[in-house]
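This briefing is intended for a reader who is meeting the structure for the first time. Please keep the sequence and the model in view while reading the points below.

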Amino acid sequence: MTRFPSSLLACLALGLGLSAGPLLGQATDDYDYHRPTRDLIGRGMQAMMLCNGLFVSERSLDQVYSQELQYYRMPTLSPHTGGVEIDDEARTVRVGHGGNDPTPAMYAAEREGLGCVVLAPDPSPAAVDALPRLALPPSADRSDVPWPDGDLVPEAPLPTGIDGQNLEAAAEWAFDRETHGHPSQVTLSLLVVHEGRLILERYAPGVEVSTRTRTWSTAKSLAVTLIGMLVDRGELALDAPLGVEWLPTSEHEAPDPRDQITLRQVLQMSSGLDPVDNDGGCEIIGSCLSYWAGASSVEGALRRGLVRQPGSHWDYENYDTLLGVLAMKQAIGDPEAYLRFPHEALLRRIGMFDTVPGVDRFGDYVLSSQVYTNARDLARFGLLYLNRGVWNGERLLSEEWVDFVRTPAPSTAERGRFYGGQFWLVPDERDDVPPDSYSTAGNRGQYVVIVPSYDLVIVRRGLDWLPGVHSFDQWDLTREVLEAFPARPWGEKPGVGTTR
């Protein structure tokens, strides 16, 4: 009698839809096939955090290890134990031993006007010299220029009607997180701007007015602003297809179904493309490869397949933002003009001279996350929106675009209408803050909250290190700040209702 191996019998049984029974144990798919890539990204992450922390934020090595890197809660190499080399003159950081180490060394280098850029693993000696550069005219001293164009903020009593004790209580609420939140929530700065005037400004020890930290996804709101400027000019169309060349390319003449995706849909996080980041692929095929490992931010964005009808499903993906940024680059055309565009069109026009948007090593802006700035610059950004796109009497952004970013995406209609166009909205279930409020939001607690009905901008910067478990809530902060102000009528979300 012919005898078959038990493994073959198990396969036959499974193929026939039968139970393998005792022939086959319960299989589990728990092997980390991507561990080498994760190790690589861990080193690139540390290299970028050290590089930006030291050379862009100008924080000390101890501060970077105790706060910037606290978030990762991973074994980290250090200059003291070996495996980390910091070159202050060249403004570079290497993390990794090289040689027989199975994980390649990762490098990050600070480039003029662009912050730190991560290189490919184990780069050639010439790779740093080949990185993009951006030469900008030096900014003049603004210490004697009145706020908000400059940094001169004279001391003055609070405006009539504002409760100073309640305002200070809101600041204590924001900073004393052991009492009011969780110790992992670390507030670096809090600013409150009312009717254009800076009425509260507080910083944690070791943080100053000029201290830059990473915006994380608050950068997405900067991106949509720049894109909106091109839409206002007629150089991009909100409801036209993106017009990008999807990957992989094909010799077949059949149309690519992704060609139907519009700029509006990617800005509303409703592209219908494969949700690689939210499916746990950030460190395998997702955006983390470009953030920390030297991969192209554009190529990864173009390789996602279509899995849902565009516009039908909300999914928060870094690559959706980066597709919008790619459309912006294509509309501008010239690579040098593209690198100058954020500074010339927006940042320097509203006094955001301390803001540094970063690029990947291919010269593409990573405006889904990679921006370093300080609290005052973000307050200026919030004022641009509070003033409905006008700065010093000059319209920089149309009112139609301001309303677009704060109008609920149709794909959120059944989920609380909490997201617009690269801005977050007050969820429908909340009734303790004005529903016309809208906010940027970035990992580790980066918020710019705009409250039109109270003529108010609130900025909170953080280095929270357990944000996925204990998230600092910007709407709770808004509620606390509003306790200091006389009640006003609340406005509604655009396209939702009328002022009540």
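**Surroundings of helix α15**

In this predicted model, the buried residues of helix α15 pack against α4 (164–175), β5 (187–194), β12 (424–425), β13, β14 (447–451) and β15 (456–462). Helix α15 covers residues 474–482, and seven of its nine residues are buried, so the helix is largely enclosed by the rest of the structure. The points that follow treat this helix, a pair of crossing helices, the disulfides and the aromatic residues.

**Helix α15**

- The buried residues of α15 are Gln474, Trp475, Leu477, Thr478, Glu480, Val481 and Leu482.
- Strand β13, one of the elements against which these buried residues pack, spans residues 438–439 and contains Tyr438.

**Helices α6 and α12**

- Two packed helices are described by the angle between their axes and the distance between the axes.
- For helix α6 (residues 219–232) and helix α12 (residues 335–346), the axes come within 11 Å and cross at roughly 85 degrees.
- An angle of 65 to 115 degrees counts as roughly perpendicular, and α6 is therefore roughly perpendicular to α12.
- On the α6 side, the contact is made by Leu222, Thr225, Leu226, Met229 and Leu230.
- On the α12 side, Phe341, Pro342, Ala345 and Leu346 take part in the contact.
- Sorted by class, the contact of α6 with α12 comprises eight nonpolar residues, one polar residue and no charged residues.

**Disulfides**

- The model contains two disulfides.
- Counting the bonded cysteines along the chain, the disulfides follow the pattern 1-2, 3-4.
- The link of Cys51 and Cys116 is left-handed, with -80 degrees about the S-S bond.
- Cys51 lies in helix α2 (residues 35–56) and Cys116 in strand β4 (residues 115–118), so this pair ties together parts that are 65 residues apart in sequence.
- Cys51 and Cys116 are both buried.
- Cys282 and Cys288 also form a disulfide, in which the sulfur atoms are 1.9 Å apart.
- The torsion about the S-S bond of Cys282 and Cys288 is about 80 degrees, so this disulfide is right-handed.
- Cys282 is buried, as is Cys288.

**Aromatic residues**

- A pair of aromatic rings is described by the distance of the centres and the angle of the planes.
- The count of aromatic pairs comes to 21.
- Trp314 and Tyr316 form a tilted pair, at 6.1 Å centre to centre and with 35 degrees between the planes.
- Buried means under 20% relative accessible area; Trp314, at 10%, is therefore buried.
- Tyr316 has a relative accessible area of 18% and is likewise buried.
- Tyr385 and Tyr438 form an edge-to-face pair, at 6.3 Å centre to centre and with 80 degrees between the planes.
- This pair links distant parts of the chain, since Tyr385 belongs to helix α13 (residues 375–386) and Tyr438 to strand β13, 53 residues apart.
- Both Tyr385 and Tyr438 are buried.
- One aromatic cluster is formed by Trp314, Tyr316, Phe418, Tyr419 and Trp424.

Note on methods: Residues are numbered from 1 along each chain as its sequence is written. This is a predicted model: local features need pLDDT of at least 70, side-chain atom pairs count only at pLDDT 80 or more; totals for chains, interfaces and linings use all residues. Side-chain values use heavy atoms; hydrogens and water are left out. A disulfide is a pair of cysteine sulfur atoms within 2.5 Å. Helices (H or I, at least four residues) and strands (E, at least two) are DSSP runs, numbered from the N terminus. Buried means under 20% relative accessible area, exposed over 50%, partly exposed in between (1.4 Å probe, protein chains only). Axes are lines fitted to C-alpha atoms, for helices over the stretch in contact, and angles run from 0 to 180 degrees between N-to-C directions. Angles under 35 degrees count as roughly parallel, over 145 as roughly antiparallel, 65 to 115 as roughly perpendicular and the rest as oblique. Contact means heavy atoms within 4.5 Å. Ala, Val, Leu, Ile, Met, Phe, Trp, Tyr, Cys and Pro count as nonpolar, Asp, Glu, Lys and Arg as charged, and the others, Gly among them, as polar. Rings of Phe, Tyr and Trp (its six-membered ring) pair if their centres lie within 6.5 Å; planes under 30 degrees apart count as stacked, over 60 as edge-to-face and the rest as tilted.
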